[in-house]
Amino acid sequence: MVINNRPVSDNILRIISERGYKQSAVARKAGYSRQTFGYMVHNTRIIRPEDIQRIAFALGVEPGELFKDVDLGA
C-alpha cells in the first residue's frame with residue numbers, strides 16, 4: 001500500500017541529501033529502526049504529527065521546513 005506523505009517525505013529526503021546525512025543515522029537519531037524510517041520516507045507508512053517533531057529534531061530543522069513546497073525539478 002502506498003501512502004501519500006508528500007511533500008513531507010520529499011523534503012526529508014532532500015534535506016538528508018543536501019546535508020550529506022545517512023538515512024540510517026537520521027532514523028537512529030529520531031528513534032526509529034532503519035526499516036520503519038525507510039517506510040515513512042518511501043510512502044509505505046504514514047508520517048504522523050509526532051513523527052514530524054522527531055524527524056525535524058534529528059535533521060536539525062524546524063518542523064515547518066518539512067512542509068515546504070519545493071520544486072525538486074520534476
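**A buried arginine and the nonpolar core**

Arg-14 counts as buried, because its relative accessibility is 14%, below the 20% limit applied to buried residues. The model described here is predicted. Arg-14 is located in helix α1, and its side chain is joined to that of Glu-65 by a polar contact of 3.4 Å.

Helix α1, which spans residues 8-19, also packs against helix α3, formed by residues 34-41: the two axes come within 8 Å and cross at roughly 120 degrees. The arrangement of α1 relative to α3 is therefore oblique. On the α1 side, the contact involves Ser-9, Ile-12, Leu-13 and Ile-16, which meet Phe-37, Met-40 and Val-41 of α3. By residue class, this contact of α1 with α3 comprises 6 nonpolar residues and 1 polar residue, with no charged residue.

The largest nonpolar core contains 19 residues, and those with the most contacts inside it are Ile-12, Phe-37, Ile-55, Leu-59 and Leu-66. At least two residues of this core are supplied by each of α1, α2 (23-30), α3 and α4 (49-59). Helix α4 provides the largest share, with 5 residues. In soluble globular proteins, nonpolar side chains tend to be buried together.

Two of the residues named for the core, Ile-12 and Phe-37, also take part in the contact of α1 with α3. Leu-66, likewise named among the residues with the most contacts inside the core, touches Pro-7, Val-8, Asn-11, Ile-12, Ile-15, Ile-52, Ile-55, Ala-56, Leu-59 and Val-61, when residues up to four places away in sequence are not counted.

Definitions and conventions: Residues are numbered from 1 along each chain as its sequence is written. This is a predicted model: local features need pLDDT of at least 70, side-chain atom pairs count only at pLDDT 80 or more; totals for chains, interfaces and linings use all residues. Side-chain values use heavy atoms; hydrogens and water are left out. Axes are lines fitted to C-alpha atoms, for helices over the stretch in contact, and angles run from 0 to 180 degrees between N-to-C directions. Helices (H or I, at least four residues) and strands (E, at least two) are DSSP runs, numbered from the N terminus. Angles under 35 degrees count as roughly parallel, over 145 as roughly antiparallel, 65 to 115 as roughly perpendicular and the rest as oblique. Contact means heavy atoms within 4.5 Å. Ala, Val, Leu, Ile, Met, Phe, Trp, Tyr, Cys and Pro count as nonpolar, Asp, Glu, Lys and Arg as charged, and the others, Gly among them, as polar. A nonpolar core is a set of buried Ala, Val, Leu, Ile, Met, Phe, Trp, Tyr and Cys residues joined through side-chain atoms within 4.5 Å. Buried means under 20% relative accessible area, exposed over 50%, partly exposed in between (1.4 Å probe, protein chains only). A polar contact is a pair of N or O atoms within 3.5 Å; within protein, one must be able to donate a hydrogen and the other to accept it, and residues adjacent in sequence count only if both atoms are side-chain atoms.
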